[in-house]
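Hello,

I am passing on a structure that you have not worked with before. Please look it over first; my notes on what was found follow below.

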Protein chains: 2
Amino acid sequence: MPRTSDATLEAIQDAAFALFFRRGYARVTMEEIAAEAQVTKRTLYYHFDSKDALIGAALERQGALSLQAMRRWSDPAAQTPAAFLAGLLEKLALWAETPGWTGSGFTRLTLELSDLPGHPVRAAARAHKLAVQEWIAGELARRAAADPDVEAEAFCVMMEGAMILTLIHGDARYIRDLRARLEAAP
Amino acid sequence: MPRTSDATLEAIQDAAFALFFRRGYARVTMEEIAAEAQVTKRTLYYHFDSKDALIGAALERQGALSLQAMRRWSDPAAQTPAAFLAGLLEKLALWAETPGWTGSGFTRLTLELSDLPGHPVRAAARAHKLAVQEWIAGELARRAAADPDVEAEAFCVMMEGAMILTLIHGDARYIRDLRARLEAAP
DNA sequence: CTGAATATACACTGGTCGGTGTAACAACGC
DNA sequence: GCGTTGTTACACCGACCAGTGTATATTCAG
């Protein structure tokens, strides 16, 4: 019905991401996505050639959205690099403690498709993780970090690892301990 | 043909792990596992009730095997905690650079099934990661680390994160940089 | 020799799912 | 109004796949 194709497109991408995010790639069906987006399966295929193309587009959109949300946040109260990173980890811990948390959708989907290097998901995830790392480096630079790029990379490595272990063990201690270690360090 | 059920059992578990490891859970079929193990599908179901049960058993076995391999290694030339960890990361980097590398099978499968907390894969992965962390803590203790448990946790977090980012970006720099950072630190 | 355990061969079921075909309908731009 | 674009409704296909049924064969322990 709606004349503006954009709204439908976004509804589909958002529904797709929500489902892929929660249950991975293989176990989500096109029928489900259509239902979630309140649209016919035929409409899905009118806009996207395949499930692969759809998830690619959905991840690109979500990457842009979540980066935007991050930029909007960017806690001004945190004046030192350490305080900024501590704030980030605290938000992460709270998120990780929500029931049914399944980690980062990008990481999850990349791993599910890790034997398919050319898959659209891979490129979208790569771009997103890179953008996040660059954003962190920028925030560190603004707070006069000694070496923003190196510190951002080190932090992203630790953050990613803490998320994985939190998920594997079902215990956000890995995130909180990381925060404590960072605050104890110079 | 063979009457010793154990040999068949192990062949099945090994074949199953090899396939699940490379291609995840959903995209591996029981037929494939049977073919890889040189056994009939019917034999698979003689020994295991379901695909879920099989992957659980396969991961348990693989966890024990790889832990055993680790213990056998345990580089005696590395006398300090830092040297030990650096050696570990170097091995990891080499592994990560083998073509077609898809990261840790345990992490990958846990993430693919991260919305299914009761799945056998989850328990097996948890047990394995815990055993690895404890082994590292033990090795650190033997080399007179100040706080082996804390250091082992911190290291596991970084190692896991470095593996994930190496996989996402297709660049083992994340592992090598981590090694460099650890060697530069006190 | 016998019987239980292990294995094969192979057809089959029941369900799922990505993707298509087709006809018709709604909304808008011009 | 008229053609283009977006959308529905719905049946359908072809492939795949977990798991089963059944009958038969091999091996070995007792």
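Two residues are taken to be in contact if their C-beta atoms, placed from the backbone, lie within 7 Å. With that cut-off, A:Ala125, A:Arg126 and A:Lys129 of α7(A) meet B:Leu165, B:Ile168 and B:His169 of α8(B). Please keep in mind throughout that the model is a predicted one.

Two packed helices are described by the angle between their axes and the distance between the axes. For α7(A) and helix α8 of chain B, residues 148-169, the axes come within 9 Å and cross at roughly 125°. Angles over 145 degrees would count as roughly antiparallel and those from 65 to 115 as roughly perpendicular; α7(A) and α8(B) are therefore oblique to each other.

Next, the contact between the chains as a whole. Chain A gives 35 residues to it, and chain B gives 35 residues. On the side of chain A that touches chain B, at least two residues come from each of α1 (5-23), α6 (105-112), α7 (120-142), α8 (148-169) and α9 (173-184). α8(A) has the largest share of that side, with 14 residues. By class, the residues on this side of chain A are 15 nonpolar, 8 polar and 12 charged.

How are the two copies related? The same surface serves both copies, since 100% of the contact residues of chain A recur in chain B.

One residue of chain A is worth a separate look. A:Glu151 has its place in helix α8 of chain A. Is A:Glu151 buried, exposed or partly exposed? A residue needs 20 or more C-beta neighbours within 10 Å to be buried, and 12 or fewer to be exposed; A:Glu151 has 19 inside 10 Å, so A:Glu151 counts as partly exposed. Apart from neighbours within four places in sequence, A:Glu151 is in contact with A:Pro81, A:Leu140 and A:Ala145. A:Arg61 lies 90 residues from A:Glu151 in sequence, and the two are 28 Å apart in space, C-alpha to C-alpha.

Regards

How values were computed
Residues numbered from 1 in each chain as written. Chains lettered and ligands numbered in written order. Predicted model: local features only at pLDDT ≥ 70, side-chain atom pairs only at ≥ 80, totals over all residues. Helix = DSSP H or I, 4+ residues; strand = E, 2+ residues; numbered from the N terminus. Nonpolar A, V, L, I, M, F, W, Y, C, P; charged D, E, K, R; others polar. Axes fitted to C-alpha atoms, helices over the stretch in contact; angles between N-to-C directions. Parallel < 35°, antiparallel > 145°, perpendicular 65-115°, else oblique.
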